[in-house]
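Please examine the structure shown below.

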There are 2 protein chains.
Amino acid sequence: MRFEVTILGNGSGSPTGTMHHTAHVLNVREQFFLIDCGEGTRSRMVRMGISPLKIKAVFISHIHGDHLFGLMPLISSLGLAGKQTPLKIFGPAELRKMLDFFQHDFGPPVGFELDFTPVDTTKHLRIFENRSMEVWSVPLRHRVPSSGYVFIESGNGRGGCGYAEHALADAPAAHALQLKHNFYPRSYAFMSDTHPSPRAADIVREACPAGVDLMYHESTFAEAEKRLAKNTGHSTAMQAARIAQKAGAKKLLIGHFSSRYKDLSLLENEARTIFPETFIAAEGETFSVSRIPVL
Amino acid sequence: MRFEVTILGNGSGSPTGTMHHTAHVLNVREQFFLIDCGEGTRSRMVRMGISPLKIKAVFISHIHGDHLFGLMPLISSLGLAGKQTPLKIFGPAELRKMLDFFQHDFGPPVGFELDFTPVDTTKHLRIFENRSMEVWSVPLRHRVPSSGYVFIESGNGRGGCGYAEHALADAPAAHALQLKHNFYPRSYAFMSDTHPSPRAADIVREACPAGVDLMYHESTFAEAEKRLAKNTGHSTAMQAARIAQKAGAKKLLIGHFSSRYKDLSLLENEARTIFPETFIAAEGETFSVSRIPVL
């Protein structure tokens with residue numbers, strides 16, 4: 001019963017020839033969700049042994065090429081592979097234009113529906129739920145509308161363990177509920193391109209009162225480039241660490257690194273001065289969350 | 001004074017995780033031309049040490065994703081890198097829709113002009129010329145309109161050595177002209193996705209009466225898949241070899257391989273039974289043509 005995130009790329013916008021663009025695959029009990037889809041994602045998935053046909057839904061954080069130029073090739077590839085069921089896609093409203101262009105103006109439309117749901121990047125809303133998982137949006141602060149996503153495991157059809165109940169209940173009540181169900185809802189927060197947002201940290205804490213198990217937070221720059229981070233709507237590794245701390249995260253993954261850093265341990269070490277459980281979101285690595293009870 | 005082709009990818013449409021999509025970089029005396037632009041081209045260029053900013057013009061053979069999904073990311077990247085001069089782009093008329101979408105509907109337009117020239121894929125025409133090179137289109141036979149391109153070195157500003165003269169002159173007269181100018185116009189024929197076309201072979205022979213120095217011809221399949229090749233508008237390695245032979249090519253590069261072939265020497269060997277000077281267009285390899293006199 002897996003709950004794990006595989007990192008396909010940890011580079012930012014500038015091409016380095018070695019780092020890949022942002023794309024994470026979340027496996028929740030063998031249901032696969034793709035989060036952002038930079039150029040080359042399809043090929044990276046195949047290399048990691050993850051069939052693109054397994055993807056149940058795609059979540060795009062914002063309309064910058066390094067987070068979505070892999071989407072048209074992925075959709076095209078799914079069409080060639082004979083996919084017929086709809087593909088759920090979530091992202092800022094502007095994404096619809098690209099999907100419409102692809103389906104209607106590029107060539108013959110692919111043989112399955114692109115089931116697009118626009119995400120209001122200013123609100124914290126539940127945008128997806130099934131028997132395995134709930135997904136909530138988290139408003140971020142970037143140069144263009146940008147949304148993070150919190151993925152929270154559901155009670156495997158037993159209900160009563162979702163975020164809605166968590167948010168309503170005080171922490172001891174939530175714990176009691178979990179013990180009763182012998183179920184610990186695992187969680188992952190994906191904090192894409194953003195200037196550090198205390199509001200976003202509060203939202204994640206509210207969504208996961210027991211603490212989000214794994215938080216990814218972009219960390220484009222080291223502390224020396226703090227001003228550049230501000231001007232470009234990005235975060236430093238230390239700023240990411242403070243957000244993880246404020247959100248009550250258990251573990252922090254940092255990524256979306258500027259190509260200027262040849263040795264990423266600089267960023268990891270800076271973040272660890274504030275949040276010791278920080279790790280580089282290394283390309284090709286899979287980070288698992290165990291199914292263990294709380295307390 | 002280089003005239004060389006670097007192979008960025010030799011895979012076909014299906015992702016393998018190891019092969020890349022079609023993209024060739026032609027370097028004519030330090031002027032760089034990009035031919036087809038599959039997903040990941042930008043990153044492949046950087047890895048090969050070829051700055052995308054050096055690209056003088058882009059030639060797209062046809063509107064299938066594996067030949068052009070890298071174009072929007074490349075253009076986006078050039079914009080971020082501060083390019084201001086126009087980028088010349090050649091390809092079937094349908095390409096304009098993608099370029100228009102990208103410039104007007106995707107996000108802020110890039111800060112340079114996309115100078116698009118539609119190529120009539122049914123005709124053999126001169127579509128580009130400068131002091132270094134002439135480019136001629138070659139009609140191909142694929143499932144969608146598809147054009148090959150013949151690149152012929154010009155007389156470095158001395159004039160009188162271009163294809164126009166060649167085509168008009170009989171071979172001895174052309175040779176005399178070359179000897180007079182002490183100049184041998186090197187040439188490269190790029191034969192993208194196509195069912196074997198004897199007409200295309202004749203066109204290349206006419207364009208390069210002394211024999212094209214280097215011909216790339218797609219060879220998606222081995223001879224055992226001849227029927228599949230026909231049904232999909234592709235060629236086998238042996239069919240490619242026959243085209244090279246008919247065109248009077250000096251050397252043949254084969255590529256665009258179906259992902260079913262783990263050992264590409266099968267295709268190389270089949271082609272060599274007909275055209276011994278056949279080579280795999282190996283990814284990352286550069287094929288040079290020497291500046292030697294004819295005769």
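Two residues are in contact if their C-beta atoms, placed from the backbone, lie within 7 Å. This is a predicted model, in which local features need pLDDT of at least 70 and side-chain atom pairs count only at pLDDT 80 or more, while totals for chains, interfaces and linings use all residues. Residues are numbered from 1 along each chain as its sequence is written, and chains are lettered from A and ligands numbered from 1 in the order in which they are written.

The contact between the chains draws 25 residues from chain A and 25 residues from chain B. On the side of chain B that touches chain A, at least two residues come from each of α1 (41–47), α2 (71–80) and α3 (95–106); helices here are DSSP runs (H or I, at least four residues), numbered from the N terminus. That side holds ten nonpolar, ten polar and five charged residues. Asp, Glu, Lys and Arg count as charged, Ala, Val, Leu, Ile, Met, Phe, Trp, Tyr, Cys and Pro as nonpolar, and the others, Gly among them, as polar.

How are the two chains related? Chain B is superposed on chain A by a rotation of 180° with 0.0 Å of shift along its axis (RMSD 0.0 Å), which is the relation of a two-fold axis. The superposition is by least squares on the C-alpha atoms of residues with pLDDT of at least 70 in both copies. Gly40(B) is the residue of chain B that comes closest to the rotation axis, at 2.9 Å (C-alpha). Because 100% of the interface residues of chain B are also interface residues in chain A, the copies meet through the same surface.
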